[in-house]
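Open the model in your viewer and keep the selection panel at hand. The tour below goes from one selection to the next and says what is there.

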Amino acid sequence: MPFRYLDDVATADAAFEAFGDTVEEMFLSAAEATIGVMIENPRSLKENEQLSIELKNDELDMLLFDFLQEIIFFKDSRRLLLRITSLRIDRTSSPLTLAAEAGGEIMIQGHHPLLTDVKAVTLYRFGITQDEKGWTATVILDI
Amino acid sequence: MSIPPSIKKISDFLWEIPVSYKPGMLVPARIYATEILLKQMDQGVFEQVTNVACLPGIIDYAFCMPDGHWGYGFPIGGVAAMDPHSGVISPGGIGFDINCGMRLVLTNLTLDEVKPEIRRLVDTLFRRVPSGVGSTGFVKISRDDFRRVAEMGSRWCLRNGYAWQEDLEMTEEGGCFSGADTSTVSEKAVERGFDQIGTLGSGNHYLEIQVAKPENVHDEEIARAFGFTRPNQVAIMFHCGSRGFGHQVATDYLKLFLSVSEKKYGIKVNDRELSCAPFHSREGQDYFAAMKCAVNMAFANRQVILHRIREVFSAIFHRSPEDLGMNMVYDVAHNTAKLEKHLVHGKKTEILVHRKGATRSFGPGMEGLPDRYRETGQPVIIGGSMETGSYLLAGLAGSQYTFCTTAHGSGRAMSRHQAKKLFRGQKLQREMEERGIYVRTASWGGLAEEAGPAYKNIDQVAEATELAGLSKRIIRLVPIGNIKG
């Protein structure tokens with residue numbers, strides 16, 4: 001279960017928990033959950049368009065914030081729905097760095113089963129935790 | 001039961017949570033609601049409105065309107081006024097969709113005239129007013145021109161042939177917040193929004209063709225003053241905001257405020273979404289100027305959409321928009337912060353009013369109202385679900401107790417994910433058409449999320465605002481056609 005949507009939080013918006021054995025897996029799950037709010041079956045997206053994402057932040061949770069926000073930015077600025085194909089996070093560097101490769105399709109209405117636009121990642125209850133089972137991110141997206 | 005045990009009943013429609021409820025509360029929190037609506041409010045409302053009550057410089061109370069529900073930072077329906085000298089400004093008190101708002105437009109057509117054309121009208125509007133995820137608008141402008149839109153709002157539309165002069169007068173603040181400065185806006189924000197003028201967006205954004213049935217008119221005299229003079233008169237209501245541009249402005253400043261709130265200004269907040277800066281600080285003023293750019297973009301967005309609606313009606317009915325009487329009733333903003341003059345402890349004072357998912361509701365005689373509405377009070381437009389209808393109301397003098405604010409919608413009662421599990425878009429469309437509401441949507445899943453039962457009872461919300469003296473019901477408008485983003 002890489003992510004699950006939360007029904008009983010932030011009624012008008014979209015809340016989810018994303019999981020991973022590693023930080024990278026958890027980031028990938030969160031990206032998929034975010035795209036999954038916008039389109040049915042994100043895994044069906046073809047990788048016609050390619051791009052790289054490179055980010056830096058001092059805090060791991062804000063690195064995730066920036067990463068998800070980048071996916072939302074490309075949805076509006078280039079009308080791209082993205083799947084993250086590879087992702088590396090260096091937690092030994094200062095600031096922390098993220099390098100990801102993404103592939104995706106330009107949205108075409110009627111062709112893609114679009115759902116709901118995501119406006120932003122909110123900081124309300126936003127956070128990352130780690131326990132013996134792995135990593136969990138809690139995210140509420142503004143719809 | 002999520003209602004705090006310490007809540008105090010002030011009247012049948014007003015409740016107060018005392019400052020003892022939570023450490024750090026500077027003022028009590030006040031919730032306007034009937035007991036039924038209060039019981040329907042989720043726990044987030046109480047948590048969030050009391051967080052707002054902790055913000056530096058807050059005046060009197062942190063308010064929540066009758067349609068209040070769980071948001072982020074402020075609850076949806078949250079209102080807070082700050083002392084501009086000692087208080088803060090917070091993007092979490094405005095929201096990401098800056099100046100998401102409602103516009104209501106008249107026609108002189110009746111249901112009998114429109115009904116035979118409803119499919120053509122809705123189908124054409126669906127093609128001509130882009131909606132849904134990733135939609136781009138028909139106004140093709142450069143990034144530099146977009147910056148002018150952000151600084152001029154509806155005035156840019158008038159100059160470029162997308163507005164009538166009177167449209168501006170019928171828009172809150174004349175369709176332009178002065179002091180918008182695009183040098184405070186990031187390139188990313190411009191990049192995200194410059195080609196989205198004239199688009200509805202998605203989620204709860206919509207464009208609806210509605211009817212004012214005689215049995216739904218609550219106040220005939222004011223209805224007439226608002227332009228509803230014929231039985232079964234048809235009007236158009238739509239709801240949208242500042243699109244990706246506003247979303248990015250809010251995100252940029254949320255991040256900036258997060259970095260300065262505590263470190264530079266020593267302000268601790270209970271929720272990072274409430275990160276803020278003193279209003280008079282460099283960061284506070286920059287955000288205020290950038291927020292105004294997004295406000296203006298949203299006014300322009302709704303103005304350009306109105307232009308398209310006029311074109312479509314004109315083409316289908318072979319009459320000019322002027323001949324069809326397509327005059328605006330009003331345009332109201334939901335998510336803003338504004339410097340306004342209100343009575344504070346008996347003295348007229350300039351204060352910074354944050355409204356998030358809440359509508360300004362100037363009562364009769366208030367400064368800033370167009371002459372046409374001086375005696376009636378401001379038209380207030382409260383949108384309901386696509387199945388149940390919406391309300392046109394008028395501002396009342398009693399709204400002075402909420403810094404002239406009332407509700408903005410019916411408020412969600414069910415999460416989007418839950419609604420998608422319960423309803424199917426195609427089935428809902430068929431059922432609504434059988435009931436006389438023809439719907440087109442950019443997303444079947446999105447349509448299911450907006451099903452009527454996912455929202456609270458709009459009649460109860462509108463009634464609660466009237467009982468509380470915030471706004472008076474004038475007409476309940478029922479849908480016959482709807483475009484859902």
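In which helix of chain B is Lys255(B) found? Select the residue and look at the element around it: Lys255(B) belongs to helix H10 of chain B. Bear in mind that this is a predicted model. Lys255(B) has 17 C-beta neighbours inside 10 Å, so it counts as partly exposed. The C-alpha atoms of Lys255(B) and Ala468(B) are 37 Å apart in space, and the two residues are 213 apart in sequence.

**Chain B as a whole**

Now select chain B. It holds 15 helices and 19 strands. Along the principal axes, its C-alpha atoms fill a box of roughly 60 × 50 × 45 Å. A compact globule of 485 residues would have a radius of gyration near 23 Å, and the 21 Å of chain B agrees with that. Of these 485 residues, 65% count as buried. Take the contacts in chain B with a separation of 6 or more: 77% of them come from residues 24 or more positions apart.

**Where the chains meet**

Show both chains. Here 38 residues of chain B are in contact with 30 residues of chain A. On the chain B side, the elements that give two or more residues are strand E4 (62–72), helix H8 (187–193), helix H10 (243–260), helix H12 (416–422) and helix H14 (444–449). Which of them gives the most? It is H10(B), with six residues. Colour this side of chain B by residue class and you will find nine nonpolar, 18 polar and 11 charged residues.

**The sheet of chain A**

Select strands E3, E4 and E5 of chain A. They form an open sheet in the order E3-E5-E4, with antiparallel pairing. Strands of a sheet pair through backbone hydrogen bonds, either parallel or antiparallel. The edge strands are E3 (49–57) and E4 of chain A, each of which pairs on one side only. On average, neighbouring strands of this sheet are turned by 25 degrees against each other, direction ignored.

Go through the pairs one at a time. E3(A) and E5(A) run antiparallel and are joined by nine bridges; Ser52(A) stands opposite Glu101(A) in E5(A). E4(A), residues 80–90, pairs with E5(A), residues 96–106, in the antiparallel sense over 10 bridges. Ile89(A) has Leu98(A) of E5(A) as its bridge partner.

How many residues lie between E4(A) and E5(A) in their hairpin? There are five. Zoom in on the loop between E4 and E5 of chain A, where Pro95(A) is found. The peptide bond that joins Ser94(A) and Pro95(A) is cis, with omega about 0 degrees.

**The seven-stranded sheet of chain B**

Return to chain B and select strands E1, E2, E3, E4, E5, E13 and E12. They make an open sheet of seven strands in the order E1-E2-E3-E4-E5-E13-E12, with mixed pairing. E1 (8–11) and E12 (336–344) of chain B stand at the edges with a single partner strand each, so one side of each has no neighbour in the sheet. From one strand to the next, the twist averages 40 degrees.

Inside this sheet, five bridges join E5(B), residues 74–82, to E13(B), residues 347–356, and the two run antiparallel. Ala81(B) has Val353(B) of E13(B) as its bridge partner. Helix H2 of chain B, residues 43–52, lies across E2, E3, E4 and E5 of chain B and runs at about 15 degrees to E5(B).

Select H5(B), residues 143–152, and H11(B), residues 282–317. They pack at an angle of about 95 degrees with their axes 6 Å apart, and are therefore roughly perpendicular to each other. H5(B) makes the contact with Val149(B), Ala150(B), Glu151(B) and Met152(B), and H11(B) with Cys293(B), Asn296(B), Met297(B) and Ala300(B). By class, these are six nonpolar, one polar and one charged residues.

**Two loop residues**

End with Asp60(B), in the loop between H2 and E4 of chain B. Its phi is positive, about 70 degrees, although Asp60(B) is not a glycine. Glu173(B), in the loop between H7 (165–169) and H8 of chain B, also has a positive phi, near 55 degrees. Is Glu173(B) buried or exposed? Glu173(B) has 21 C-beta neighbours inside 10 Å and therefore counts as buried, while Asp60(B), with 17, counts as partly exposed.

Terms used: Residues are numbered from 1 along each chain as its sequence is written. Chains are lettered from A and ligands numbered from 1 in the order in which they are written. This is a predicted model: local features need pLDDT of at least 70, side-chain atom pairs count only at pLDDT 80 or more; totals for chains, interfaces and linings use all residues. Two residues are in contact if their C-beta atoms, placed from the backbone, lie within 7 Å. Helices (H or I, at least four residues) and strands (E, at least two) are DSSP runs, numbered from the N terminus. Ala, Val, Leu, Ile, Met, Phe, Trp, Tyr, Cys and Pro count as nonpolar, Asp, Glu, Lys and Arg as charged, and the others, Gly among them, as polar. Two strands pair if DSSP finds at least two bridges between them. Axes are lines fitted to C-alpha atoms, for helices over the stretch in contact, and angles run from 0 to 180 degrees between N-to-C directions. Angles under 35 degrees count as roughly parallel, over 145 as roughly antiparallel, 65 to 115 as roughly perpendicular and the rest as oblique. The radius of gyration is taken over C-alpha atoms; the globule rule is 2.2 Å times the number of residues to the power 0.38. A residue is buried if 20 or more other C-beta atoms lie within 10 Å of its own, exposed if 12 or fewer, and partly exposed in between; C-beta atoms are placed from the backbone.
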